[in-house]
Amino acid sequence: MNRFSIARPGSVAEAVREVTTHPAAKFIAGGTNLVDLMKYDVERPTHVVDLSRLPGLNTIEETGEGGLRLGALVSNTAAAYDERVKERYPLLSSALLAGATPQLRNAATMGGNLLQRTRCYYFYDAATPCNKRQPGTGCPAKDGVNRIHAILGTSEHCIATHPSDMCVALAALEAVVKVAGPQGERSIPMADFHRLPGNMPEKDTNLHGDEIILAIELPEPRFGKNHTYLKLRDRLSYAFALVSVAAALEMDGEKVVEARIALGGVAHKPWRVPEAEEMLRGKAAGREAFSAVADRILQGAQGYGGNSFKIELAHRAIIRALSQAAAGTPQSQTDKRIQ
Amino acid sequence: MADLDLPLRQGFAPDAGISQALPDDIPITLTINGERRELHVRPWTTLLDLLREDLSLYGTKKGCDHGQCGSCTVLIDGQRMNSCLALAVTKDGCEVTTIEGLAAPDGTLHPMQEAFIEHDAFQCGYCTPGQICSAVGLLKEGHARTPEEIREMMSGNICRCGAYTNIVDAIEDVMAKEGAK
């Protein structure tokens, strides 16, 4: 780990000032990803700003519009087991519990989870080229070992995936990220928070360098009954998703009224195709309709050899997840048998 | 502190953080195994390194040093966490319990320690302090009840000797006894 100075601000304004005056600064909250990356010399901040003592960011509150506001410093554990989250946003609770381990969830925060970096092997290995870690050096993953890599929205510069489970659920639930910067506060819908690699793969999100995440706001709950988070991975627990699907349906008997579908493990951001969700409106829930939706979501998917299996895997996972959601039988995150 | 005496890695470009004057040590307070300690730490010292290198609490083990194996698990304010991924300075004011702090002052072992012995829940023992601290955290959380749930909730602790079956038995045993009280 490189050497760095540390600041321990007592207010959001002070925290923002610290990163405005130190361009090579990094915020630290739970530290579960940043400290790991610093030990691998992937992140080398010269100044670290400890957010753990900022007041007011560690609570879960009603928004007043029927939604819930999850403070940026709320731990993944606290959010997953919060009674209001479990009852009104069980999809989010399930996705949180599908990720990492209890030790990591206890330390990791909601804001930090949003800013998780990819687990691409080449990004993590400072001895290899990587456009995300060092722009302009190339992407060895495209012709290398790429079992875990993206099949949608890639660019010639980067085929990394976003690793979070939580973010996939937040995308399906259309959460909004509240941030503050020198110019004041703004709201970023989940769909616009993460970005595709394009020709700037070093940028994971549309957050500015001098902005700080305050909270995640969930809209009024609509999908408390028909939902699932289906995560497929190389081992049953504590592994990143090869493919995951967050599915949320509003049903009227056998008919779908409204659908939200987001995929994890397949792109540089949670993958949503609103046109595909539209296709389900008013349709009878069933394999035929779900398969057509899967075709649409995966339109343009491209494999790179090691990850080509993900296209068929994702197709099947979408159908299975929609079937689970329609039946009101969400995937258990303990009993990993897929029904 | 020892880590400052290490030479720079071969072929590694010096960075701004090293060429500048070193930042001052930061004063922090930690309550470790019930004892309040006033400490001075470097910003980059992890809680794991502080425990082992500075405080000679060698019970907490360094395995992967990246949050993947769980051997460094300790309880921070009662919650299990990987001490290798926590910068000590960010835990200022916290209560830390390590494997050394689980037994009663008279040496009576914690029920979880007793159960690990009773069920032969280890072979080489390297992962054991982390397993036991993690299991104590699990019990306090109260989310795991069945063997299946225990396995899922202990997936952050790897045992390369493969003592998993007996580890689950030990935890179930303590859980049953706690429930019977």
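This is a predicted model: local features need pLDDT of at least 70, side-chain atom pairs count only at pLDDT 80 or more; totals for chains, interfaces and linings use all residues.
User: Let's start with helices. What describes two packed helices?

Analyst: In general, a packed pair is described by the angle between the two axes together with the distance between them. Now the case here: in chain A, helix α12 (residues 287-297) and helix α13 (residues 309-327) pack at an angle of about 135°, and their axes are 9 Å apart. Angles from 65 to 115 degrees count as roughly perpendicular and those over 145 as roughly antiparallel; α12(A) and α13(A) are therefore oblique to each other. Their crossing is right-handed.

User: Which residues of α12(A) and α13(A) make the contact?

Analyst: From α12(A) come Arg287(A), Phe290(A), Ser291(A), Val293(A), Ala294(A), Asp295(A) and Ile297(A). The α13(A) side gives His315(A), Ile318(A), Ile319(A), Leu322(A), Ser323(A) and Ala326(A). Sorted by class, the contact of α12(A) with α13(A) has 8 nonpolar, 3 polar and 2 charged residues.

User: Could we try a helix pair in chain B? At what angle do α3(B) and α4(B) cross?

Analyst: Helix α3 (residues 111-118) and helix α4 (residues 128-141) of chain B cross at roughly 125°, with axes that come within 10 Å. That angle makes α3(B) oblique to α4(B). The crossing is right-handed. On the α3(B) side, Met112(B), Gln113(B) and Phe116(B) make the contact, while α4(B) contributes Thr128(B), Gln131(B), Ile132(B), Ala135(B), Val136(B) and Leu139(B). By class, the contact of α3(B) with α4(B) has 6 nonpolar, 3 polar and no charged residues.

User: On to sheets. How do strands of a sheet pair?

Analyst: They pair through backbone hydrogen bonds, in either a parallel or an antiparallel way. One example in chain A is an open sheet of 3 strands in the order β9-β10-β11, with antiparallel pairing. The edges are β9 (226-232) and β11 (255-264) of chain A; each has a single partner strand, so one side of each is left without a neighbour in the sheet. From one strand to the next, the twist averages 10°. Strand β10 (residues 243-252) of chain A pairs with β11(A) over 9 bridges, and Leu249(A) stands opposite Ala259(A) in β11(A). Helix α13 of chain A packs on this sheet, touching β9, β10 and β11 of chain A, and its direction makes about 30° with that of β10(A).

User: What is the strand order in the open sheet of 5 strands?

Analyst: The order is β4-β5-β8-β6-β7 in chain A, again with antiparallel pairing. Here β4 (60-62) and β7 (184-189) of chain A stand at the edges with a single partner strand each, so one side of each lacks a neighbour in the sheet. Ignoring direction, neighbouring strands are turned by 25° against each other on average. Strand β6 (residues 176-181) of chain A is joined to β7(A) by 6 bridges, with Val179(A) opposite Arg186(A) in β7(A). Helix α1 (residues 12-21) of chain A packs on the sheet and touches β6 and β8 (212-218) of chain A; the direction of α1(A) makes about 130° with that of β8(A).

User: Last one: is Tyr122(A) buried or exposed?

Analyst: Residues under 20% relative accessible area count as buried. Tyr122(A), at 14% relative accessibility, therefore counts as buried. Tyr122(A) lies in helix α8 (residues 121-124) of chain A. Leaving out residues up to four places away in sequence, Tyr122(A) touches Thr128(A), Pro129(A), Cys130(A), Arg133(A), Pro140(A), Ala141(A), Gly144(A) and Val145(A).

Notes
Residues are numbered from 1 along each chain as its sequence is written. Chains are lettered from A and ligands numbered from 1 in the order in which they are written. Side-chain values use heavy atoms; hydrogens and water are left out. Axes are lines fitted to C-alpha atoms, for helices over the stretch in contact, and angles run from 0 to 180 degrees between N-to-C directions. Helices (H or I, at least four residues) and strands (E, at least two) are DSSP runs, numbered from the N terminus. Angles under 35 degrees count as roughly parallel, over 145 as roughly antiparallel, 65 to 115 as roughly perpendicular and the rest as oblique. A crossing is left-handed if the near helix is turned anticlockwise from the far one by less than a right angle, and right-handed if clockwise. Contact means heavy atoms within 4.5 Å. Ala, Val, Leu, Ile, Met, Phe, Trp, Tyr, Cys and Pro count as nonpolar, Asp, Glu, Lys and Arg as charged, and the others, Gly among them, as polar. Two strands pair if DSSP finds at least two bridges between them. Buried means under 20% relative accessible area, exposed over 50%, partly exposed in between (1.4 Å probe, protein chains only).
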